[in-house]
Amino acid sequence: MKTKRFVVILVVLIFSTVGLFANIPHDDIPTAVATLKANIGEFLYHGFAESESDTSFEPTLTIEDAFNNVPAFWYGYRTNAAGTYVFRMSVTDFVNQDDLTKVKIKSVTSSEHPSMSYSTEGYELFTETNSIMTESSRSDYTFITITPATVATGTDHTGTHVIAGAETVGGASAGAYVATVTFSVSAT
Amino acid sequence: MKKLIYLISLLLLCFTLSAVENTLPKATVRLYGQIEPVETKIIVKNEVGEELEGPNLALDFDFPAISEWTVTRKLYFYYSSHLASSATGKLTFSVSNLENEGQDTLPTTLSLVPASTFSTYVDGTSFITSFLSGYQEEVEIGELTLRVQKTASDVFPSGTYTGSFSINYTDGP
């Protein structure tokens with residue numbers, strides 16, 4: 001009786017494991033597929049560049065000896081973002097750090113915009129408009145020149161303020177002066 | 001349910017787009033310039049506007065051949081400067097009598113007239129002047145008059161008479 005039970009159990013085990021060791025036809029082996037997905041997000045970089053071919057931008061820049069060497073620099077941006085982006089620049093006068101005397105800015109020029117004019121909202125440099133995000137990035141650059149007033153002739157860069165002698169490099173009080181140029185990006 | 005999913009997706013898309021703009025920092029350039037102060041320079045000019053330079057200012061007096069006369073020579077004083085802040089200075093003058101080799105003396109006097117409210121004269125021999133800050137070019141300080149006088153009773157031998165005239169500048173009142 002025990003022998004019969006042992007034979008039955010043994011047969012069951014043999015039959016249940018047959019499938020494990022049998023040959024599987026090559027055509028039935030499924031192909032393994034790995035799906036790789038990656039997302040490139042939108043970006044917009046802007047700032048100061050070494051040249052118009054430079055792809056990296058610095059957010060800050062310091063220029064010394066502005067009264068002896070007219071300050072000038074490259075500004076640009078690179079983006080793949082969808083939407084409309086307007087790039088603007090605002091300029092302050094040079095201010096004496098001790099007595100707050102001002103040296104006016106005679107002119108502000110942009111190489112890409114020879115007819116650029118002053119606005120209370122700032123100088124408009126670029127307008128970038130794209131309906132969808134693009135695979136490749138778009139970029140643009142301009143060379144900015146900021147000229148301090150050296151003599152009392154005509155108006156300053158706003159076109160409305162007549163420069164007085166005390167508002168020029170030659171006539172203002174002695175001391176250290178600082179001016180700030182700010183670049184911002186907005187949707188309109 | 002589908003509408004809810006669409007709405008949520010749309011909201012997420014809007015937040016993403018606004019994040020690109022709202023978090024974008026500004027780029028800033030700082031321009032530094034320096035105006036160096038220039039020390040005060042005292043300028044002396046004669047009656048015809050010629051600037052007299054050098055440590056030894058020579059003035060010639062031509063005395064007329066008459067019994068009684070008064071001869072004057074005027075000098076005009078200015079300053080140029082580029083100071084960070086206003087300052088005060090004092091010009092002090094002195095003049096000696098004209099003498100010849102025989103030690104005959106021609107009395108010589110000086111008088112001062114300030115040119116503006118920024119200058120005052122003290123003791124009849126000094127100008128105290130306020131030097132304004134900022135760039136100043138040939139701002140008037142005052143006028144000095146040297147006077148040599150002979151009365152009818154004076155007897156002065158002919159010949160050459162010489163004297164000295166000095167200008168001393170000090171900072172402060």
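Q: Is Phe48(A) buried or exposed?
A: Phe48(A) counts as buried because its relative accessibility is 4%, where buried means under 20% relative accessible area, exposed means over 50% and partly exposed lies in between, using a 1.4 Å probe and the protein chains only. Please keep in mind that this is a predicted model, in which local features need pLDDT of at least 70 and side-chain atom pairs count only at pLDDT 80 or more, while totals for chains, interfaces and linings use all residues. Residues are numbered from 1 along each chain as its sequence is written, chains are lettered from A and ligands numbered from 1 in the order in which they are written, and side-chain values use heavy atoms, with hydrogens and water left out.

Q: Which aromatic cluster do they belong to?
A: Phe48(A) and Phe183(A) form one aromatic cluster with Phe73(A), Tyr75(A), Tyr77(A), Phe87(A) and Phe126(A).

Q: Switching to chain B, what about Phe131(B) and Tyr169(B)?
A: First, on burial, Phe131(B) is buried at a relative accessible area of 2%, whereas Tyr169(B) is partly exposed at 29%.
A: As for Phe183(A), it is buried, with a relative accessible area of 0%. Phe131(B) and Tyr169(B) form an edge-to-face aromatic pair, with 6.0 Å centre to centre and 65° between the planes. Because Phe131(B) lies in strand β10 (residues 126–131) of chain B and Tyr169(B) in strand β12 (residues 165–171) of chain B, the pair ties together parts that are 38 residues apart in sequence.

Q: Which ring does the charged end of Lys45(B) sit over?
A: The charged end of Lys45(B) sits over the ring of Tyr78(B), 5.3 Å from its centre, the rule being that NZ of Lys or CZ of Arg is within 6 Å of the ring centre and within 35 degrees of the ring normal.

Q: And where is Leu24(B)?
A: Leu24(B) lies in the loop between α1 (2–22) and β1 (27–35) of chain B, and it counts as buried because its relative accessibility is 19%.

Q: What is Leu24(B) in contact with, leaving aside its neighbours within four places in sequence?
A: With those neighbours left aside, Leu24(B) is in contact (heavy atoms within 4.5 Å) with Leu44(A), His46(A) and Val185(A).

Q: How many helices and strands does each chain have?
A: Chain A has 1 helix and 10 strands, and chain B has 1 helix and 12 strands.

Q: What share of each chain is buried?
A: Buried residues make up 37% of the 188 residues in chain A and 29% of the 173 residues of chain B.

Technical notes
Helices (H or I, at least four residues) and strands (E, at least two) are DSSP runs, numbered from the N terminus. Rings of Phe, Tyr and Trp (its six-membered ring) pair if their centres lie within 6.5 Å; planes under 30 degrees apart count as stacked, over 60 as edge-to-face and the rest as tilted.
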